[in-house]
Amino acid sequence: MRWRSTRAVAIAAAVLVLPFTGAVPAANAQVPLAPVSDTLDRVLTTATALTPVTTLVHAADAGTAAQAVRTAGMREITRFPRIGVVAATGTAAQVAAVRKAAGVTYVENNDPLVAFGSSGTTATRSAEARTTLTGADGAPLDGRGVSVAIIDTGIDPTHPAFRGADGSTRVVRNLKSLCLDGTTTSCIVDVPTSVDTDATALGGHGTHVAGIAAGAPYTLADGSSVGGSAPGAKIVSISTGLAILVLGTDAALNWVLENHAAPCGAGVPATVCPPIKVINNSYGPSGGGEFDPESATVKLQRALAAEGVVTVWANGNDGGDGSADLSNPPGKDPTPGVISVASYNDQGTGTRDGTVSDFSSRGLASDPSTWPDVSAPGENILSACRPYLVICATGLQPSNGPGMLDLGTYNVISGTSMATPQITGIVAQLFQSRPDATPGEIEAAIKSTAYKYSDGAPYQGGSSFDKGAGLVDTVAAVGALAGA
């Protein structure tokens, strides 16, 4: 079984604004003004004659637009010949002049843009839960008191997303699977928490996933908000390398089964290294497959559920239309506390009435046992990512982290791999709200309160073959768990 990478999403950059000083042609009040965009109208209303402005000048052809720009004394930046548009910079007075130039049909502003990427925590109401609710410990509901295990390519513990309030990393255990066969944990070795196991694996996927589950909240240099569902949680990373194989991941699951109660050892207090309560699994075979209750993976996750640990699975990136079962096999386990996650598109705005991602694997419409359990944002997700790593390099929307040296440390990637850690972090929040909850109660709270967004297949018995029970609602799930 090999891990399947998620696809990347690109975004275009806006034209750079450049000031210009030059002669202003005399205005001719008798010539009608070309219309302008609403945003340019607002700029011109408050601008002085010498205020620098960058515009896109429209005409029947680019030659006409370029001539108008020169006549007005503006400086051409670039042109789009196929649509008759020239981008130009100048002063507000020169913009007024270009509006009167022969052949100009429209002038629009070089509007500032923000990254069309989301961290997903608005749509899930995870961020709202952090600011409005408290856990059983009386602290903000940010997953503190819980460790999340990330079985993936690895993690960069030094990434700003994982810094605690004291500046140290929240990655409390950094492990690497060297397992080629069997499920023994003797092939799981310790790595210092200063070592980037994602870099040694040439990956990037695991760091992005961990940032979605438990990344610290930041406002980036471009104004984008980023952060995970459970920024107060601790992280246990088990790196299986870039080529994730079932033997290595089963060994990782087995390590958690043997060590979840005290992941840093019996001598380390839970206040420093809390118990693992949830495992993120953003990997699986291409094209789904039959659910095998006799597999080592299923036996391990059932044993984990019996000991109080929730297992969360990406449902897969094979799309589909309900005519075939394309869901990730272990996620189809009906055991309470095993959750499979479909990808939802919040349009980059946090809307709760978005769409099922086209790439999200569908179950067989006629067989509810193959359907995903719930949806979470997995499309255009902005999270921790080093651009020099293989997976991060596929994201074409790099953003800077919060520090002077944190250049290009966040990027946008899409996939059910990104939807899954949304749920993983939310599970940590739910365990903080009710530490004695069982994995089955956690899953029931998530599914019973999911928001029924309308896109995609109709719900049947509260679920659907493409999106499960709907979009997770953290605040509602906390309420349901409190009343359970």
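How many of the six residues of strand S10 are buried? Five of them are, so this strand, residues 234–239, is mostly covered. The model is predicted.

**Annotated site**

- An unreviewed UniProt entry lists Asp152, His205 and Ser417 under "active site".
- These residues span 266 residues in sequence, yet no two of their C-alpha atoms are more than 10.1 Å apart, so they gather at one spot.
- Asp152 is found in strand S5, which covers residues 147–152.
- Asp152 has a relative accessible area of 0%, so it is buried.
- His205 is placed in helix H6, which covers residues 205–214.
- His205 also counts as buried, because its relative accessibility is 0%.
- The side chains of Asp152 and His205 are joined by a polar contact of 2.7 Å.

**Strand S10 and its partners**

- Strand S5, the strand that holds Asp152, runs parallel to S10.
- Six bridges join S5 and S10.

**Helices H10 and H12**

- Two packed helices are described by the angle between their axes and the distance between the axes.
- Helix H10 covers residues 416–433, and helix H12 covers residues 474–483.
- Their packing angle is about 35 degrees, and their axes are 10 Å apart.
- The crossing of H10 past H12 is right-handed.
- On the H10 side, the contact is made by Ile426, Gln429, Leu430 and Ser433.
- On the H12 side, Thr474, Ala477, Val478 and Leu481 make the contact.

- Which phi does Arg125 have, although it is not a glycine? Its phi is positive, at about 65 degrees.
- Arg125 sits in the loop between strand S4 (104–109) and helix H4 (126–132).
- Gln347 is not a glycine either, and it has a positive phi of about 65 degrees.
- The loop that holds Gln347 lies between strand S13 (338–345) and strand S14 (355–356).
- Gln347 has a relative accessible area of 29% and is therefore partly exposed.

**A buried threonine**

- Thr89 belongs to strand S3, residues 85–91.
- Is Thr89 buried or exposed? Thr89 counts as buried, because its relative accessibility is 0%.
- The side chain of Thr89 makes a polar contact with the side chain of Thr54, at 3.4 Å.
- That distance qualifies because a polar contact is a pair of N or O atoms within 3.5 Å.

Terms used:
Residues are numbered from 1 along each chain as its sequence is written. This is a predicted model: local features need pLDDT of at least 70, side-chain atom pairs count only at pLDDT 80 or more; totals for chains, interfaces and linings use all residues. Side-chain values use heavy atoms; hydrogens and water are left out. UniProt positions are given in the numbering used here, feature names are shortened, and annotations may be inferred rather than shown by experiment. Helices (H or I, at least four residues) and strands (E, at least two) are DSSP runs, numbered from the N terminus. Buried means under 20% relative accessible area, exposed over 50%, partly exposed in between (1.4 Å probe, protein chains only). A polar contact is a pair of N or O atoms within 3.5 Å; within protein, one must be able to donate a hydrogen and the other to accept it, and residues adjacent in sequence count only if both atoms are side-chain atoms. Two strands pair if DSSP finds at least two bridges between them. Axes are lines fitted to C-alpha atoms, for helices over the stretch in contact, and angles run from 0 to 180 degrees between N-to-C directions. A crossing is left-handed if the near helix is turned anticlockwise from the far one by less than a right angle, and right-handed if clockwise. Contact means heavy atoms within 4.5 Å.
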